[in-house]
Amino acid sequence: MTITEDPSTATPEAPAKEVGSARLRKEDARLITGKTTWTDNMVLPGMVYMSVLRSPVAHATITHLDVSAAKDRPNVVAVYTGADFKDEQGSIPCAWPVTPDMVNPGHPSIAVDTVNHVGEAVAIVVARSRTAAVDAVEAIDVDYENIPVVLDMEEATKDGAPLVHAHTESNTSYHFVFDAGEAGTGGDTDAAFDAADVVVSRRFVQQRLIPAFMEPRSVVVGVSGDNYTLWSATQIPHILRVMAALTTGIPEHKLRVIAPDVGGGFGGKLQVNPEEILALLIARRLGKPVKWTETRSESLMTAHHGRDQIQYIDVAADREGNVKGLRVRLLADMGAYLRLITPGVPALGAFMFPGIYKFPAYRFECDGVFTNKVPTDAYRGAGRPEATFAIERIMDELAVELSMDPMELRRKNWINAEEFPFTTVAGLSYDSGDYEQATQAALELLGYDELRAEQKQRRESGDPVQLGIGISTFTEMCGLAPSRVLGSLAFGAGGWEQASIRMLPTGKVEVVTGSTPHGQGHETAWSQIVADQLGVPFDDVEVLHGDTAISSRGLDTYGSRSLVVGGTAVVKASEKVVAKARKIAAHLLEASEDDLEFSGGKFSVKGTPGAGLGIQEIALAIFAAHDYPEGIEPSIDAEAAFDPTNFSFPHGTHLCAMEVDTDTGFVKIRKYACVDDIGNIVNPIIVEGQMHGGLAQGISQALYEEAIYDADGNLTTGTFVDYLVPSAMDLPHFDTGNTTHAAPDNPLGAKGVGEAGCIASTPAVVNAALDAVRHLGVSDIRMPLTPERVWRAIHQGGDGGDRAAEGSNAYGGARTTESGYEEAK
Amino acid sequence: MTQINVRVDGASYSDDVEPRTLLVHYLREQLGKVGTVVGCDTSNCGACTVHLDGESVKSCTVLAVQADGAEVTTIEGIADGATLHPMQKAFHEQHGLQCGYCTPGMIMASIDLVKNNPNPTEHEIREGIEGNLCRCTGYQNIVKAVQQAAGEMSSTGTHAVETTGAQA
């Protein structure tokens, strides 16, 4: 289903032939035949293999570490401990000091004398084979003296709580505040609450999740003299190169980073991993190529996690349902250390809590809290799913308090189509959209009225299987990001993207992009863009990426930025190629540049269609360079960097119909329908695939996934037996659709789609379950909605999640009730 | 070391392996058949799925020595020269893959599914690929791909010749 908005909102550059067409993906050819280049496939002459001994305890001093027996094992090349690298390993970098006084305790790649989470590296065996390395790890002798374990954020932030890092004063890394009143983007929040008719306060738990990309992380380092090549299953080869150079002291120009085929990331490979640094240090020390590939349990235990917030949220409104103020206080679990953007993830969410609503006042506070767990960092949506969950959940709670229809409450408060661009209370300028239109389309797609009738009937008949409908009317900020905005938020880099276009002598085209795909289909989409821009055949375009020697400048892939920022850079580079080719064409056609028109890949003199010169012919002519104008360079190649002027703001309405078996607590999605506005669409099948994948992960947060640590800090969900990544049987069919309001701030009119489904869907699912059982006295159910939790919430009250071991990260301790906001202080 | 004789994707191999070697590691590390990948260590994800004498197996759950005397078919052996297997073609045409890491196993499992059930319903497909995890697609387009391939395979009789494989 597609609804196209009136042309007045479309960009002048309407989609041409390739852009907008459902091209099948180029990259599939190798992926469906097994001819792939995963990092772990790589074998180099003389390569040695790393295996890591990892801490089995969450918080301890290493009192004894003897690796001599391991060194004597067959085929072992070397064994290293933290003592070997303490003077050269530096700290895993954190690029986002969200406040000037943020405490960063430092993050060694390998523990030196204390361990701060289960899975932290303690020793490394390097051997001639993978198996020899794994075997020798068993021979390492190590003793630990335990230190009290810090797991529960609400306990960890109390005075006198045991510390994660003995050299810090508290477990709080930072206190970040955004106050709309102080920022001048809204009124006084406390005054708004004091004057409100109604205040609703809730405490929501955003459980810890694991990105669980399918390809385990893998690193290979090649050595050639003092030059190093680092292959890694990473989303960020460019950022990794800079950061690894700064961390190890290997000069940046002596370090090449390659991300070959990468099997998914979802933010989980947006990291400078300890093992990447260690592989470089070991390759430098040994002068040999080194490989490390993690097992799945290593991945779940030591690759960064996502989410993990306790959210105290208060909303103020008048009796008629007009919202008056929003107050949010977060405890955000950093884990034991700050990795690349650990502290920034909740801060990024700060600007999205007001959602699509016209709040006159807003205050946000967040404490980043250290615990003895693996660090958190980006996971699909990164801050925005958490914010969207909280606002969409509490809008339902407010509707209940006011006895209003939840959609009516939303409609009363959302930004109307004619009000775009709209500056929100958080200071963002929402670009375009029509929430009513997407909502109407979604209601139709779901079959809303029929399902409401069935819900009524089931309720009246006392059916043990109750039906609920959940709503999420969301927006998100994509296209990260205007560099100046990132600078104002103290982020360590810009948000531009780079592209270059090489016109080869035979007329074929190489497009080099700084955005690095790991499943998103850049090769296909970028080819479509360039085919239109240059008027060349789709199959004549090759897209190169992920190798810093080929793509020297780039800022990689995250935050739904690739098309919006990277795609725009491709457009800008194409425009430069055409401009350069125009000069050659004018010369060869003996015409004035002004008299030439460029269409379908061909320059021709206005008024004489037919005759002319193709841009691919010009590529050959300028390669020969026998005849070109004086004073210009013999090349039509071009590159461009694009720095966006604004974020883009996709939006949509997601509706979930959920059956809840009140006897067993089992929940089943009956129907899921969503209509998203992601601006102009370059490739509809890729877009639909991105939506499906995002929905799967968002729904899975609501229903299935949770990284659980026991009271001693052991990850009890450390394998795919225990951490539930949903199978085909666990997920429903998705009914998806689009409305189209072009993004006004980039020439493609694109807004971004990679994270939308993941951000929007979670609250729709939870709201649906609550809608089914609210008449039974249930007002919250802790995610994920396991049958046990749902059953307990129905039959025992509370949110069903209070069974967790005391002190564990499932936050099962004392439950704040009346005003979580007050009590948490 | 134990000697094994095995045919993989139509070629014969005779190798010494450690008895503990998993079939997937033998394929990847000794034969260079890196199209088959490892996704977990608990036989949950199915990324390593191959066919052993025509039956779908998770090659992380089979020892290389158990393949002695057997015929193994991997993702690299199902196309007929330049002509894709209908299941490969369908995954491409229905956009049944994104990052592609689960794809070799998913395709091999799906071929076996259709061999055993030539006309599967959506529910039967979802149940049949339950042992193969995909983190990218949400499975909807994989289901469509299996439906398309099932139609083509039953009209062309593809499953009858599948285990002979192509030359390596």
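This is a predicted model: local features need pLDDT of at least 70, side-chain atom pairs count only at pLDDT 80 or more; totals for chains, interfaces and linings use all residues.

Which hand does the crossing of helix 2 of chain B and helix 5 of chain B have, left-handed or right-handed?

Analyst: The crossing of helix 2 of chain B with helix 5 of chain B is right-handed. Two packed helices are described by the angle between their axes and the distance between the axes. Here the axes come within 8 Å and cross at roughly 145°.

Now look at the residues. Helix 2 of chain B brings P86(B), M87(B), A90(B), F91(B) and E93(B) to this contact. Helix 5 of chain B answers with A145(B), Q148(B), A149(B), E152(B), M153(B) and T156(B). By class, the contact holds seven nonpolar, two polar and two charged residues.

An α-helix has 3.6 residues a turn, so residues three or four places apart point the same way.

Next, ask how covered helix 2 of chain B is. Six of its eight residues are buried, and the helix is mostly covered. The buried ones are P86(B), M87(B), Q88(B), A90(B), F91(B) and H92(B). After the helix comes H95(B), with a positive phi near 55°.

Chain B touches chain A through 43 of its residues, which are in contact with 39 residues of chain A. Helix 2 (86-93), helix 3 (103-116), helix 4 (122-128) and helix 5 (140-156) of chain B each give at least two residues to that side of chain B. The side is made of 20 nonpolar, 16 polar and seven charged residues.

Step across to chain A. It is divided into domain 1 (39-147 + 212-302), domain 2 (173-210 + 304-479 + 646-824) and domain 3 (496-642). The C-alpha centres of domain 1 of chain A and domain 3 of chain A lie 40 Å apart. These two domains do touch: 18 residues of domain 1 of chain A are in contact with 13 residues of domain 3 of chain A. On the domain 1 side, helix 8 and strand 12 of chain A each supply at least two residues. Helix 8 of chain A gives the most, with four residues. That side has nine nonpolar, six polar and three charged residues.

A second sheet of chain A has four strands. It is open, runs in the order 22-21-20-26, and has mixed pairing. Its edge strands are strand 22 (541-544) and strand 26 (638-642) of chain A. Strand 21 (residues 509-513) and strand 22 of chain A pair in the parallel sense over four bridges. E510(A) stands opposite E542(A) in strand 22 of chain A. Helix 18 of chain A packs on this sheet, touching strand 20 (497-503), strand 21 and strand 26 of chain A.

Helix 18 (residues 562-589) of chain A also crosses helix 17 (residues 522-534) of chain A. Their axes come within 10 Å and cross at roughly 35°. This crossing is right-handed. The contact has ten nonpolar, five polar and no charged residues. Among them are W526(A) and I529(A) from helix 17 of chain A, and V570(A) and V571(A) from helix 18 of chain A.

Ten of the eleven residues of strand 19 (residues 465-475) of chain A are buried, so the strand is largely enclosed by the rest of the structure. Strand 19 of chain A runs antiparallel to strand 27 (residues 651-661) of chain A, joined by eleven bridges. T475(A) stands opposite H651(A) in strand 27 of chain A.

Note on methods:
Residues are numbered from 1 along each chain as its sequence is written. Chains are lettered from A and ligands numbered from 1 in the order in which they are written. Two residues are in contact if their C-beta atoms, placed from the backbone, lie within 7 Å. Ala, Val, Leu, Ile, Met, Phe, Trp, Tyr, Cys and Pro count as nonpolar, Asp, Glu, Lys and Arg as charged, and the others, Gly among them, as polar. Axes are lines fitted to C-alpha atoms, for helices over the stretch in contact, and angles run from 0 to 180 degrees between N-to-C directions. A crossing is left-handed if the near helix is turned anticlockwise from the far one by less than a right angle, and right-handed if clockwise. A residue is buried if 20 or more other C-beta atoms lie within 10 Å of its own, exposed if 12 or fewer, and partly exposed in between; C-beta atoms are placed from the backbone. Two strands pair if DSSP finds at least two bridges between them. Domain bounds come from an automatic or database domain assignment.
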